[in-house]
Amino acid sequence: MQEQARVPAIRFAGFTDAWERRKLGELTTEFIEYITLSSELPLLTSSRAGLMYQNEYRGNLTTDSKETLFSVVPLGACTYRHMSDDDIFHLNINILEKGLVSREYPVFIATGENDLSFIVQHLNSDSKFRAFCAEQKKGGTRTRLYYKTLCEFSVMVPKSAEQNKISSLLLGIDHLITLHQRKYSRLCNIKKSMLEKMFPKDGASMPEIRFAGFTDAWEQRKLGELADIVGGGTPSTGNPEYWDGDIDWYAPAEIADQIYLESSQRKITELGYDSSSAKILPPGTVLFTSRAGIGKTAILARKGCTNQGFQSIVPHKGELDSYFIFSRTEELKRYGELVGAGSTFVEVSGKQMTAMELMIPSTMREQQQIGAFFRHLDHLITLHQRELERLQNIKKACLEKMFV
């Protein structure tokens with residue numbers, strides 16, 4: 001946005017006035033009130049994740065006496081550490097309750113009809129403000145930003161009515177982001193707990209939690225008894241006739257957070273396939289990376305092959321459920337890292353994967369129910385993760401287009 005335009009790229013209807021450049025000292029005023037811990041107000045700390053209770057952030061680490069003075073942070077006021085190791089200061093508005101922070105934390109409020117939330121959102125997203133903060137390093141290892149210095153920084157601002165509109169929109173997006181972040185975190189915690197409870201612990205023959213109707217002890221089996229372990233291969237990269245065909249061919253770098261693989265980045269031709277040791281793998285195969293970066297997994301949604309950086313698990317029909325074994329990724333990873341350790345080039349072989357011992361339900365139906373449970377849970381986690389990313393992108397776009 002060119003400053004001479006003095007208007008943002010996107011505005012609410014009805015606002016046409018040019019924005020004005022104002023110093024923060026004109027828009028805010030310092031709030032100064034000191035009190036001791038004997039007041040029983042909660043001790044707070046300002047972090048990148050927002051203002052939070054000190055005992056939740058780092059535990060009750062304060063050694064201050066009941067007579068030590070702290071700065072009061074009223075509800076709705078802004079504070080931040082005025083020292084930073086990385087030149088970035090994140091300003092936080094207190095949305096918790098009236099509390100206390102170290103006197104090293106400046107506290108300020110908006111003046112007149114100015115909207116403090118608008119000002120804080122503006123500063124936290126402003127690259128010029130980050131550069132201004134970085135300039136405050138006075139020859140030391142930390143950047144110090146005193147409130148009186150902050151007051152000299154200037155920003156473009158509209159009239160208070162437009163400030164209110166913008167801050168309300170951004171606060172609404174922040175609220176939705178927080179909701180989805182909480183749901184996402186909660187689902188991840190549920191999954192972690194269920195992974196611990198729905199598979200037998202070392203030495204046990206049954207898990208802590210089971211679906212109704214299943215009572216038989218689990219059995220110890222070798223992975224090679226339940227699935228084929230298949231390696232991969234790479235056609236000569238110097239022969240163009242081997243590449244850009246229609247056969248999916250996966251490399252370990254493609255295995256990230258996705259669960260199902262629909263299409264590979266590079267594809268090989270029939271000639272390329274015939275010239276290499278790659279093997280066609282059916283849908284439902286669990287790809288398992290077997291070299292540095294051991295243990296990344298994904299499920300093939302359609303047939304394909306891999307390079308030699310995999311030892312893929314092809315479940316025997318009626319003996320191993322794809323999602324059941326995929327859900328044990330962490331167990332597979334630990335095993336792979338253990339048996340693959342000790343050599344110069346860390347790698348787990350197909351023979352080693354075949355010999356892996358693991359506890360398996362006595363019936364395929366229990367495997368399938370466990371697999372279906374984690375498939376549904378992963379689906380919910382993915383939905384909230386995508387919505388969270390979508391909202392974060394919307395906010396980023398708003399911050400870029402709605403400020404000058």
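Guide: What follows is a quick tour, one spot at a time.

Visitor: What kind of model is it, and how are residues numbered?
Guide: It's a predicted model, where local features need pLDDT of at least 70 and side-chain atom pairs count only at pLDDT 80 or more, while totals for chains, interfaces and linings use all residues. Residues are numbered from 1 along each chain as its sequence is written, and side-chain values use heavy atoms, with hydrogens and water left out.

Visitor: Let's start with helix α4. Which of its residues are buried?
Guide: F129, F132 and C133 are the buried residues of α4, which spans residues 127-134. Buried means under 20% relative accessible area, exposed over 50% and partly exposed in between, with a 1.4 Å probe and protein chains only. Helices (H or I, at least four residues) and strands (E, at least two) are DSSP runs, numbered from the N terminus.

Visitor: Why do they line one face?
Guide: Looking down the axis of α4, the buried residues fall within an arc of 100 degrees, so they line one face of the helix. That arc is taken from the directions from the helix axis to the C-beta atoms.

Visitor: What covers them?
Guide: The cover includes α3 (116-124), β12 (143-144) and α5 (147-150). Contact here means heavy atoms within 4.5 Å.

Visitor: And what does D126 do at the start of α4?
Guide: A side-chain oxygen of D126 comes to within 2.9 Å of the backbone nitrogen of K128. A polar contact is a pair of N or O atoms within 3.5 Å; within protein, one must be able to donate a hydrogen and the other to accept it, and residues adjacent in sequence count only if both atoms are side-chain atoms.

Visitor: Switching to aromatics. How many pairs are there in the whole structure?
Guide: The search turns up 16 aromatic pairs. Rings of Phe, Tyr and Trp (its six-membered ring) pair if their centres lie within 6.5 Å; planes under 30 degrees apart count as stacked, over 60 as edge-to-face and the rest as tilted.

Visitor: How are W243 and W249 arranged?
Guide: Their ring centres are 5.1 Å apart and the planes sit at 85 degrees, so the pair is edge-to-face. W243 counts as buried at 5% relative accessibility, and W249 is buried as well, at 7%.

Visitor: What sits over the ring of W243?
Guide: The charged end of R266 does, 4.1 Å from the ring centre. To count, NZ of Lys or CZ of Arg must be within 6 Å of the ring centre and within 35 degrees of the ring normal. Likewise, the charged end of R375 sits over the ring of Y323, 5.6 Å from its centre.

Visitor: Which residues form an aromatic cluster?
Guide: F199, F211, W218, F324, F373 and F374 form one.

Visitor: Which strands make up the sheet with β16?
Guide: Three strands form an open sheet in the order β18-β16-β21, with mixed pairing. Two strands pair if DSSP finds at least two bridges between them. β18 (266-268) and β21 (305-306) are the edge strands, each pairing on one side only. β16 (residues 243-250) runs antiparallel to β18, with four bridges joining them, and D248 has K267 in β18 as its bridge partner.

Visitor: Now N307: where does it lie, and is it buried or exposed?
Guide: N307 is in the loop between β21 and β22 and counts as buried at 12% relative accessibility. A polar atom of the N307 side chain lies 2.8 Å from the backbone nitrogen of G309. Leaving out residues up to four places away in sequence, N307 touches G232, G233, T234, W249, Y250, A251 and P252.

Visitor: Last one: what does D378 touch?
Guide: K191, I259, Y323 and F326, not counting residues up to four places away in sequence. D378 has its place in helix α12 (residues 364-401), and at 6% relative accessibility D378 counts as buried.
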